[in-house]
Amino acid sequence: MRSWLAPSVPNLPGRGPELRLYDTADRQVRPVSAGPKATMYVCGITPYDATHLGHAATYLTFDLVHRYWLDAGHDVQYVQNVTDVDDPLFERAARDGIDWRALGDRETELFRQDMTALRVLPPHDYVGAIESISEVVELVEKLLASGAAYVVDDPEYPDVYFRADATTQFGYESGYDRDTMLALFGERGGDPDRAGKASQLDALLWRVQRPGEPSWPSPFGAGRPGWHIECAAIALNRVGPGLDIQGGGSDLTFPHHEFSAAHAESVTGERRFARHYVHGGMIGWDGHKMSKSRGNLVLVSRLRADGVDPGAIRLGLMAGHYRADRFWSPEVLTTAQERLQRWRAATALPAGPDATDLLARVRRYLADDLDTPKVLAALDGWSTDALEYGGHDPASPRLVADAIDALLGVTL
């Protein structure tokens, strides 16, 4: 699948400290010990509607990781999927009287445009579920052969399921108890009450074709992939075991990331699918989490159409810590727009205060679990000093502008 064009990223002098991020599985902030090639898999969109600010917040979070790794001298292999075959896509297409493939293509293209406008660095591998069907089939075959999967006893729809107890460590990523798992499983696409399953928590790997649904051939019957197996197959075939970061929004912690990790661990024998599990907080509007089902969306494309600078969108989302659930509001946007104007005015001066220590602090704050509120405060301080008191370093405005571009993805 075609990705989007990469923006240019300025080179900065020096290096920052090693990146440290909160790991959901270990419940603590710890170093991300990536090698010369840093690897990251971030779950992509199900393209049945436009990109909203909840999506944008997630991809900006991992864009910051991507940018920090590049600044630290790593080569980065970033993989992202597109779930371009799934029930929500079919349902929306039927509602709107459009072919589901056409809907998926349209919304994926809009997503590319939004990511380009927001200056999000594109993934190295951008992979649709449809184009990875053969990889999913191969992985399901391996799971069946190992006993980690089984065919449900249903002569009409003999779907293939994954045994939640196939790995002894199942549940380590989320840390949830069984009751919590069951509740979230039912809320987030699972089918705990499906008759014939060995356990309520067992997850769908391959859905045998139903009337009116698309299907692809497989040794276990024509059908289509389950949700979690798609990401496991794509990640294993692009990166293999030993992924540095598996990332997404906090609502993916369970069941999606728990199961995709368990699928991979069942065939590789690895204790952990990823060395770090990183999850961003939810963005709210009008007192609730922003979601398509609730209909309280603030769309990136709508903000762009209204003339909002994408840099202000980035700054508004970075005003809160990436792990925190937070709300978007007109006040958040106004503050971000005013900040962007001050920074532009300060970096347009012929000279400014020395910025060597500022760059070091920005890197240090980012390395400390992406502490963007501290980053913004540090840049605000330099900008205020530059505008009110001036400075004698003609190189500092350019250095600050380049640092904001390279590390935060905002052009001044």
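**Exercise 1.** Which residue in β9 does W206 stand opposite?

*Solution.* The model is a predicted one, in which local features need pLDDT of at least 70, side-chain atom pairs count only at pLDDT 80 or more, and totals for chains, interfaces and linings use all residues. Residues are numbered from 1 along each chain as its sequence is written, and side-chain values use heavy atoms, with hydrogens and water left out. Strand β8 (residues 203–208) is joined to β9 by 3 bridges, and the two run antiparallel; strands here are DSSP runs of E with at least two residues, and helices are runs of H or I with at least four, both numbered from the N terminus. Opposite W206 stands P225 in β9.

**Exercise 2.** Determine the strand order of the open sheet and its edge strands.

*Solution.* Two strands pair if DSSP finds at least two bridges between them. The 4 strands follow the order β6-β7-β8-β9 with antiparallel pairing, and β6 (149–151) and β9 (223–225), each pairing on one side only, are the edges.

**Exercise 3.** Describe how α1 and α9 are arranged and which residues meet.

*Solution.* The axes, lines fitted to C-alpha atoms over the stretch in contact, with angles from 0 to 180 degrees between N-to-C directions, come within 10 Å for α1 (residues 53–71) and α9 (residues 310–318) and cross at roughly 85°. The two helices are therefore roughly perpendicular to each other, a class that covers 65 to 115 degrees. In contact (heavy atoms within 4.5 Å), the α1 residues include L53, L60 and R67, while those of α9 include I313 and M318.

Notes
Parallel < 35°, antiparallel > 145°, perpendicular 65-115°, else oblique.
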